[in-house]
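Please follow the chain from its overall fold to the charged side chains that pair across it.

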Amino acid sequence: MNNLFPPHRDIHGTFDLKGSTVGRDFKEENLESNPRATLKDLNWLRRNLHLEFGPAKRQIFISQMERDVRLLQRLKIMDYSLLVGIHDLHKGNEENLRDKTLQVFQPGGERNDEPQSNMLLRTPSKLENARKARELREIIKKEKPIPMDQSSNKMPEDIFERKHFAFY
């Protein structure tokens, strides 16, 4: 799973919404020991939170959800989640949560396995895929993720790439 939140903003609250209330609660008393926990549908409802979009963004959002649901139906997958990250404008980025809470996992170090753009590629066999999966599992057992602030990789500060997105 990748971090999909904007790299130039601290995310102060996270919700995993499924549109159901059955078993969809994170115990509020556990927030003291785990303030960065991903909350759920009942937490969202108790806080009386909601999303506000103008008509154009609302249509983009609804249209994307409908496409997602059609894909999941076609694949016969029943599970759907909407991950909502909240950036508190009053807090801004002063807590530097990105470097403190995000972790980087680079199995095998910082190799560049990207093929050259002019190379022809073939589809790997099932045996090759199984071997690569075994190798990756072994590497994962040995290596642990490290906090972003201890990594040579940093989240980009430049927001240029996202400026043209509907939900920038």
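Read along the sequence, the chain runs through the pattern β-β-α-α-β-α-β-α-β, which comes to four helices and five strands, where helices (H or I, at least four residues) and strands (E, at least two) are DSSP runs numbered from the N terminus. The model is a predicted one, in which local features need pLDDT of at least 70 and side-chain atom pairs count only at pLDDT 80 or more, while totals for chains, interfaces and linings use all residues. Residues are numbered from 1 along each chain as its sequence is written, and side-chain values use heavy atoms, with hydrogens and water left out.

Of the 168 residues of the chain, 19% count as buried, a class that means under 20% relative accessible area, with exposed set at over 50% and partly exposed in between (1.4 Å probe, protein chains only). The chain exposes about 13,600 Å², of which carbon and sulfur atoms supply 55%; accessible areas come from the Shrake-Rupley method with a 1.4 Å probe, and for residues only the protein chains shown count as cover. Among contacts with a separation of 6 or more, 70% are accounted for by residues 24 or more positions apart, a contact being heavy atoms within 4.5 Å.

Side chains of opposite charge can pair when their charged atoms come close. A search of the whole structure finds eight salt bridges, each defined as a side-chain nitrogen of Lys or Arg within 4 Å of a carboxyl oxygen of Asp or Glu. One of them joins Asp 25 and Arg 46 at 2.5 Å, N to O, and this pair links distant parts of the chain, since Asp 25 lies in the loop between strand S1 (13-17) and strand S2 (38-39) and Arg 46 in helix H1 (residues 41-46), 21 residues apart. Asp 25 is partly exposed at 33% relative accessible area, and Arg 46 is partly exposed at 48%.

Another salt bridge is formed by the side chains of Arg 36 and Glu 95 (3.1 Å, N to O), which again links distant parts of the chain: Arg 36 is in the loop between S1 and S2, and Glu 95 is in the loop between strand S3 (82-86) and helix H3 (97-101), 59 residues apart. Arg 36 is partly exposed at 33% relative accessibility, as is Glu 95 at 23%.

Within helix H4 (residues 126-142), Glu 135 and Arg 131 are four residues apart and therefore separated by about one helical turn, and their closest N and O atoms are 2.8 Å apart in a salt bridge.
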